[in-house]
Amino acid sequence: MCVNGCACGTFDFGMRALPAVDIEKLPRDVDALLGVIADLHSQYSTILDSLQLSLAKLRRMHFGASSERLAAQGELFSDTVSVPLAADELQSISYQRPKSKGRPRLPADLPRTRIEYDLTDEEKSQFERLTQIGEEVSETLEFTPAKLTVIEHARAKYRCENDGESTIRVAAAEPSPIAKSNASAGLLAQVLVSKYADGLPLNRQERIFRRHGVELSRATLCDWIMGSTELLSLLRDLLKEHVLAAPVIFSDDTALDLILGGRGQARTARMWAYVSAGHTQDAQDCWHDYPRAACFEFTETRAALHPTRFLADYSGYLQADDYAGYHATFRSGRVIHVACWAHSRRRFHDIVKTQSTPGLAQEALRFIAKLYEIEGRGRDLSPDKRLKMRQAETVPLLSALKRWLEEHYPQLLPKGPLAQAFGYVLSNWQALHRFTENGSLAPDTNLVERTLRPIAIGRKAWLFAGSMRGGHAAAIAFSLIETCKLNRVEPFAYLKDVLGRINAHRVDRLHELLPFNWKPAHA
């Protein structure tokens with residue numbers, strides 16, 4: 001007997017157990033046999049739906065667009081499709097394609113070279129008199145390739161005499177931030193930004209430097225990265241303190257292959273990202289954005305102890321998915337879980353992409369589209385005004401969505417993809433609803449997912465971390481570069497300046513070198 005009580009065995013197909021019919025054990029009574037057939041049909045239908053969904057997802061991963069936008073997505077806001085909401089709960093939404101603004105103007109702060117053109121003498125000779133009445137100016141964007149230069153550090157050397165004694169004194173200098181290295185701060189910053197911001201592996205950087213006439217081996221470049229990130233590790237520690245003091249933290253993780261030392265074998269390690277967010281209020285009740293910062297952590301496994309240890313002293317909101325490794329932290333009561341509507345939407349989106357006609361998944365997407373339409377209107381509001389808007393509009397919408405989910409969920413095949421999508425939303429309902437209780441919270445974790453995107457690019461470019469030390473170096477580099485991006489600071493200019501200053505900077509004032517506090521030395 002199988003787990004469903006029918007006269008069959010089971011065999012494994014992929015990751016699912018499929019019923020294997022034993023003819024000898026089938027009932028001879030027609031009604032009982034029809035019952036077995038109906039039960040088998042239900043099981044096979046559930047498994048088939050799941051396999052079709054998995055196959056469609058794999059096809060899209062390999063051959064399709066990565067965007068989760070649906071074809072004709074504007075129809076989600078069309079009045080021609082019925083929405084399972086009361087009329088007073090759903091406002092009419094119109095979609096209008098934005099007007100093209102033409103070619104954007106080139107930035108005014110870029111340096112400009114003026115080239116003047118005039119009529120030729122032959123053209124001027126055709127007229128009795130010419131009076132210039134103005135000029136027509138057009139601009140083209142020029143590119144000057146990067147170049148390598150050698151800086152000679154000439155240190156004055158003196159023979160010093162005093163009271164009949166002499167000594168040799170040489171002027172102090174620090175040509176490179178790294179001891180016994182000939183790399184300047186600018187070159188070190190270029191190597192870091194090229195690999196961790198632009199996804200350029202060291203073997204390609206090696207070829208680029210060779211085109212410029214300099215041989216720099218991958219081993220040398222790797223040593224420079226290790227030395228630079230060791231210098232910058234103190235700033236990463238300060239970033240961690242800053243993130244853990246935030247009222248809201250976004251968290252997520254992604255896979256990164258790790259090569260085990262000496263054996264050439266790879267295992268799947270994890271890179272965790274924690275991003276600070278939220279708002280603070282001053283004595284005059286004015287709202288201020290909490291400075292954004294990203295802190296990355298590289299671990300050999302995805303065990304729950306890693307996020308638990310990182311968040312051990314944190315109290316506040318954690319915006320994250322439903323990964324079980326966070327549950328112990330949530331049970332402590334110090335950290336409040338805020339779940340992600342983008343993860344919920346993705347489950348319905350995957351089902352819609354496999355359907356030829358709209359169904360329940362499409363209707364669920366319409367609810368979520370309305371939720372994001374409300375959020376779009378409140379994006380520029382202060383937290384207290386955004387909270388009022390959510391209480392007035394989002395809470396009734398979510399109440400209607402929950403009633404709709406609870407109405408249809410019992411009618412679905414228990415293990416089917418649609419039932420799993422419904423079950424995910426209902427089981428995480430409290431955490432999904434929580435963003436309506438605080439105007440500083442977001443409905444999804446897109447902020448931290450965008451912060452993790454360079455690692456996904458890196459996996460396709462530099463493929464893996466060569467050691468645990470290399471993984472920790474990547475975490476330091478990603479922390480500073482992604483924090484620069486969050487604060488609209490140019491990463492190369494920042495790293496060049498900080499690497500040139502950090503050795504001489506006072507330890508008790510290192511917070512001045514964090515991206516959101518940074519001021520260039522020449523400013």
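A residue counts as partly exposed when its relative accessible area lies between the buried limit, under 20%, and the exposed limit, over 50%. Arg509, at 35%, is therefore partly exposed. The model described here is predicted.

**Salt bridges**

- The whole structure holds 21 salt bridges.
- Arg509 pairs with Glu512 through their side chains, with an N to O distance of 2.8 Å. Glu512 has a relative accessible area of 26%, so this residue is also partly exposed.
- Another salt bridge joins the side chains of Arg218 and Glu206, at 3.1 Å from N to O. This pair links distant parts of the chain: Arg218 belongs to helix H5 (residues 218–244) and Glu206 to helix H4 (residues 202–211), 12 residues apart.
- Arg218 is partly exposed, with a relative accessible area of 47%. Glu206 has a value of 14% and is therefore buried.
- Arg218 and Glu206 also take part in a network of salt bridges together with Arg210 and Glu215.
- Lys124 and Asp118 form a salt bridge between their side chains, again given as N to O, at 3.1 Å. Lys124 is partly exposed at 31% relative accessible area, and Asp118 is exposed at 60%.

**Nonpolar surface patch**

- Val30, Leu34 and Ile37 make a nonpolar surface patch of about 290 Å².
- Ile37 is located in helix H1, which covers residues 30–63. With a relative accessible area of 47%, Ile37 is partly exposed. Residues in a patch need over 30% relative accessible area, so Ile37 passes that cut-off.

**Glu135**

- Glu135 sits in the loop that runs between helix H2 (121–124) and strand E3 (157–162). Its relative accessibility is 52%, so Glu135 counts as exposed.
- Glu135 and Glu116 are 19 residues apart along the chain, and their C-alpha atoms are separated by 9.6 Å.

**Positive phi angles**

- Most residues other than glycine have a negative phi. Two residues with positive values are described here.
- Asp285 has a phi near 65°, a positive value in a residue other than glycine. This residue lies in the loop between strand E7 (279–281) and strand E8 (287–289). Asp285 is exposed, because its relative accessible area is 54% and the limit for exposed is over 50%.
- Arg488 has a phi near 55°, which is likewise positive in a residue other than glycine. The loop that holds Arg488 runs between helix H14 (468–486) and helix H15 (491–501). At 83% relative accessible area, Arg488 is exposed.

Methods. Residues are numbered from 1 along each chain as its sequence is written. This is a predicted model: local features need pLDDT of at least 70, side-chain atom pairs count only at pLDDT 80 or more; totals for chains, interfaces and linings use all residues. Side-chain values use heavy atoms; hydrogens and water are left out. Patches are made of residues with over 30% relative accessible area and no salt bridge: like charges are joined within 9 Å, nonpolar side chains (Val, Leu, Ile, Met, Phe, Trp, Tyr) within 5 Å. Accessible areas come from the Shrake-Rupley method with a 1.4 Å probe; for residues, only the protein chains shown count as cover. A salt bridge is a side-chain nitrogen of Lys or Arg within 4 Å of a carboxyl oxygen of Asp or Glu. Helices (H or I, at least four residues) and strands (E, at least two) are DSSP runs, numbered from the N terminus. Buried means under 20% relative accessible area, exposed over 50%, partly exposed in between (1.4 Å probe, protein chains only).
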